[in-house]
Amino acid sequence: MQILKAVVQPLISQALSTMGVENLPLDKMLQPSRELDQGDLALPCFPFSKRLGMPPNDIAEALAKHVAEHPAIGEVNGVNGYLNIRANPQWLVEQLMAIGVQGGDSKKNRAVLIEHTSANPNGPFHVGRARNAILGDTLVRLHRLYGNDVTAEYYVDDMGKQVAVLAWALEHLSEEDVAAQLEGKEPANPVWKGKADHERVRWYQAAQALRQDSENSKEIEEKIGTMVHASEHGDEHVLASFESAYQPVLDGMLTTLGRLGINFDRFTKESIFVTNGDVGRLMERLGTLEINGEADNGAQFLDLGARGLKGKTEFFYRRGDGSSLYATRDIAYHMWKWTMEGDLINVLGEDHKLQAKQVGMTLEELGHKRPEVVFYSFIKLPEGKMSTRRGNVVFMDDLLEEAKEQAAVVVRELRPQYDEEKIATIAEAVGTSAVRFNIIKVSPEKGFTFRWEDALTFEAGSAPFIMYSHTRACSIRRRIESDVGPIDTLLEHGVQSPVDLPDSLVTLLRILSIHHDCLEKAVNDHRPHLFAEHMLRLANSYNAFLNECYILSDGEVNQFYLWISETARSVMHAGMEGLGLVALDEM
RNA sequence: GGGCGUGUAGCACAGCUGGAUAAUGCACCGGCCUCCUAAGCCGGAGAUCGCGGGUUCGAAUCCUGCCACGCCCGCCA
């Protein structure tokens, strides 16, 4: 609890010096309590026990007596060698009224460029790919909530083998060819007929099969190789044919993401850095570096082992034929990104760790900073790794449909009075939010196994749980507006906090008071799951508050309770926005 | 073989810049709807924190060895 710490730390420092202890790293030692019932802040007294020649518990107790009184402090005590400080609830109320939940100074406002998703535009999103998009978009939203100026960017891989295969297939294969080639495999889902990502991926798959084994495979490979080569040398005709092949696929993928509330500010094509000469100039420059090396056929690499890289130390950036590699273009892309104000954050799968390291080291070698990278582990199915080729995939589109359907079943059962249109609206919001939350609530480095029953859980610990708390706050608001009068009028003259506050209200107050701390940590450490967890606690404490404190009883409004409820409602609303959950008024 | 990551109740997961009784959800047991949405609230039971050593007043957290799983080690993207 930063607002309390700011007040209390100097007081403790004083108390310590009267006891003869100076120069402690108090800022680091004074930490948020582990458990709510211990207090709000705790100072372990073990480290200076020797210096004082006293047992930690005696120090804690003595310290508790020496800390000066302050309106912010509700209770100070020494237990088990810890000095525990509990905030005065009345003071917390005053702070909330005065400065809101922002906790004081959040004038960060840095410019941040977040690159995420950037999936090859060759087929529909599956759940495995979606972790990147959901993680990336949540980072974007949380940075914005925090007050940063964010650009969300999709780096479009518009050259190279994958798009080349797609372009070749669309040019050379008829619908019949594709159908014949994919016979025996799972047929296209008719639900997605007309959605280019689902349709064109079949051409891609057919081409992949033909490349693998057919009498023409050698010929096909040569043709594709020529196209790739041309694209890597910036051949505009070939690049244009690639674009007309992948753009509808990309549009389909973006439709899926849009349904999850994921949008981008900018799309940057990889090929730009080839056609504008950046990549050529970069390779020239890399060639002059002292760690540059050259293979027999003229291919060039950097010896990153000389800079401490372990394992494979040669980092190739130029092929024997003079063309660039993906990583080379990535470096040019990053140099371009660094020409803009602000920090860079990339969201990448764990398979890109080595590559990211190579790119980062090369950037440093060139005098640039490394971008910050958030890595995530892959999502797999209980049957194993997701693979389009083996038909072992869950498409995002199918998951979202299923989630909506399951949510609709629940809504119909719980709210028989709602009409189908309303049910559909709620089900869509609940379904998509649940899917996002299910993925964002676990830390990125943890391996994730996708299970339908987890993704479609709507109980405590899920997005709908948070959404539900918010709708209850909205519901109360509506009730009061219709039965009593406008909320603004009710609260316009300020509210008086009662002397005795119910436990559940105090808990809610304390959770609200650390809201900003949690957001800050989630943003700065790139750990959105921490904020997701905090939102669950907030929703839980709001529910408990509602259960205990009747805002409206016998036609009388308790103004203070109403004020707390309204504060929580707006905080929940903003927090949900930050997680990409749809904040419904009714559900 | 080398590099990186993960291993915490039956299941899932938080805590990992060292600190108290290891948090939360599901499942399990028991309470709570004449009152603002019970998708809820309250309580209970359930954990040798992968295994062994070490550092420390104190280790899930740091070091080290081992085991299991994942990812990477292309002049692919």
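User: In which helix is leucine 414 found?

Analyst: This is a predicted model, in which local features need pLDDT of at least 70, side-chain atom pairs count only at pLDDT 80 or more, and totals for chains, interfaces and linings use all residues. Residues are numbered from 1 along each chain as its sequence is written, chains are lettered from A and ligands numbered from 1 in the order in which they are written, and side-chain values use heavy atoms, leaving out hydrogens and water. Helices are DSSP runs (H or I, at least four residues), numbered from the N terminus. Leucine 414 lies in helix α16 (residues 396–414).

User: Is leucine 414 buried, partly exposed or exposed?

Analyst: Buried means under 20% relative accessible area, exposed over 50%, and partly exposed in between (1.4 Å probe, protein chains only). Leucine 414 has a relative accessible area of 48%, so it is partly exposed.

User: Where is arginine 131, and is it buried or exposed?

Analyst: Arginine 131 belongs to helix α6 (residues 127–146). It is buried, because its relative accessible area is 2%.

User: Which residues does arginine 131 touch?

Analyst: Contact means heavy atoms within 4.5 Å. Not counting residues up to four places away in sequence, arginine 131 touches several residues, including Tyr376, Phe378 and Ser443. Its side chain reaches the backbone oxygen of serine 443 at 3.1 Å.

User: What does asparagine 543 touch?

Analyst: Asparagine 543, in helix α23 (residues 528–548), touches Phe465, Ser469 and Arg472, with residues up to four places away in sequence not counted. Its relative accessible area is 13%, so asparagine 543 is buried.

Key. Helices (H or I, at least four residues) and strands (E, at least two) are DSSP runs, numbered from the N terminus. A polar contact is a pair of N or O atoms within 3.5 Å; within protein, one must be able to donate a hydrogen and the other to accept it, and residues adjacent in sequence count only if both atoms are side-chain atoms.
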